[in-house]
Amino acid sequence: MSAIERLVIGGVIQLGGQERRLIYDMNAFISFEEATGINLLQAMLESAVLREAEGGEPTGGVFDFLKDLKPKTMRAFVWAGLLCDEPAVTQGQVGKWLWLANLNVVILAALAALSEDLPDAEEQEETPAVPFVAASASG
């Protein structure tokens, strides 16, 4: 197993002199959107639909938003993943931990964590759909 593979498994990464865990739950998605204006869920959905329309397998397309990645977006992506375990961490702190020398490994770890936090195709098939019930206007 390579050094990068060891760093990426489980979304655990060395930042700021200690191991930190990246978790992309719904709160991370919301924090990222508030910080950047990018709706990851929408980007993932659009990418999956586009891939399927092109005859490919819908892979989730979670990484398509990275194609025009700016430093502010990278920092916010890592920051949002840290919030679950470290709610007080700031984007400024995260920015101090990101360097050109570690950026590839950090982004790979963040993407691996995001992938791990998404259900795979088998999990999605096993999860029963919850029927939508419209609320009654008569209350």
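Modeller: Let us begin with contact, which means that heavy atoms lie within 4.5 Å of each other. This is a predicted model, in which local features need pLDDT of at least 70 and side-chain atom pairs count only at pLDDT 80 or more, while totals for chains, interfaces and linings use all residues. Residues are numbered from 1 along each chain as its sequence is written, and side-chain values use heavy atoms, with hydrogens and water left out.

Colleague: Which residues does S31 touch, not counting residues up to four places away in sequence?

Modeller: With those neighbours set aside, S31 touches W79 and L83. The C-alpha atoms of S31 and G81 are 9.2 Å apart in space, although the two residues stand 50 positions apart in sequence.

Colleague: Where does S31 lie, and why is S31 called buried?

Modeller: S31 belongs to helix 2, where helices (H or I, at least four residues) and strands (E, at least two) are DSSP runs, numbered from the N terminus. Buried means under 20% relative accessible area, exposed means over 50%, and partly exposed lies in between, with a 1.4 Å probe and protein chains only. S31 has a relative accessibility of 15%, which is under 20%, so S31 counts as buried.

Colleague: Which elements does the protein have, and in what order do they run?

Modeller: The protein has seven helices and two strands, and from the N terminus on they run α-β-β-α-α-α-α-α-α. Of its 139 residues, 33% are buried.

Colleague: What makes the buried residues of helix 2 line one face?

Modeller: The buried residues in helix 2 include A28, F29, S31 and F32. Seen down the helix axis, the buried residues of helix 2 fall within an arc of 165 degrees (taken from the directions from the axis to the C-beta atoms), so they line one face of the helix. N27 and E34, on the other side of helix 2, are exposed. An α-helix has 3.6 residues a turn, so residues three or four places apart point the same way.

Colleague: Why does I30 count as partly exposed?

Modeller: I30, also in helix 2, has 39% relative accessibility, and this value lies between 20% and 50%, so I30 counts as partly exposed. Together with M26 and L41, I30 makes a nonpolar surface patch of about 260 Å². Such a patch takes residues with over 30% relative accessible area and no salt bridge, and joins nonpolar side chains (Val, Leu, Ile, Met, Phe, Trp, Tyr) within 5 Å, whereas like charges are joined within 9 Å.

Colleague: Which residues is T73 in contact with, leaving aside its neighbours within four places, and why is T73 called buried?

Modeller: T73, in helix 4, is in contact with F32, T36 and I38 once those neighbours are left aside. At 11% relative accessibility T73 is under the 20% limit, so T73 counts as buried.

Colleague: How many salt bridges are there, and what makes a pair count as one?

Modeller: There are two salt bridges, the term being kept for a side-chain nitrogen of Lys or Arg within 4 Å of a carboxyl oxygen of Asp or Glu. E86 and R20 have their closest N and O atoms 2.6 Å apart, which is within 4 Å, so the pair counts as a salt bridge. E86 lies in the loop between helix 4 and helix 5, and R20 in strand 2 (residues 18-21), so that the pair links parts of the chain 66 residues apart. The other pair, D85 and R21, comes to 2.8 Å, N to O, again within the limit. D85 lies in the loop between helix 4 and helix 5 and R21 in strand 2, so this pair ties together parts that are 64 residues apart in sequence.

Colleague: How do R20, R21 and D85 stand on the scale of accessibility: buried, partly exposed or exposed?

Modeller: R20 has a relative accessible area of 6%, under 20%, and is therefore buried. R21, at 40%, and D85, at 37%, both lie between 20% and 50%, so they count as partly exposed.

Colleague: Which residues touch R20, apart from those up to four places away?

Modeller: R20 touches G11, V12, I13, L15, L82, E86 and W97.

Technical notes. Areas by Shrake-Rupley, 256 points an atom, 1.4 Å probe, with all protein chains shown as cover.
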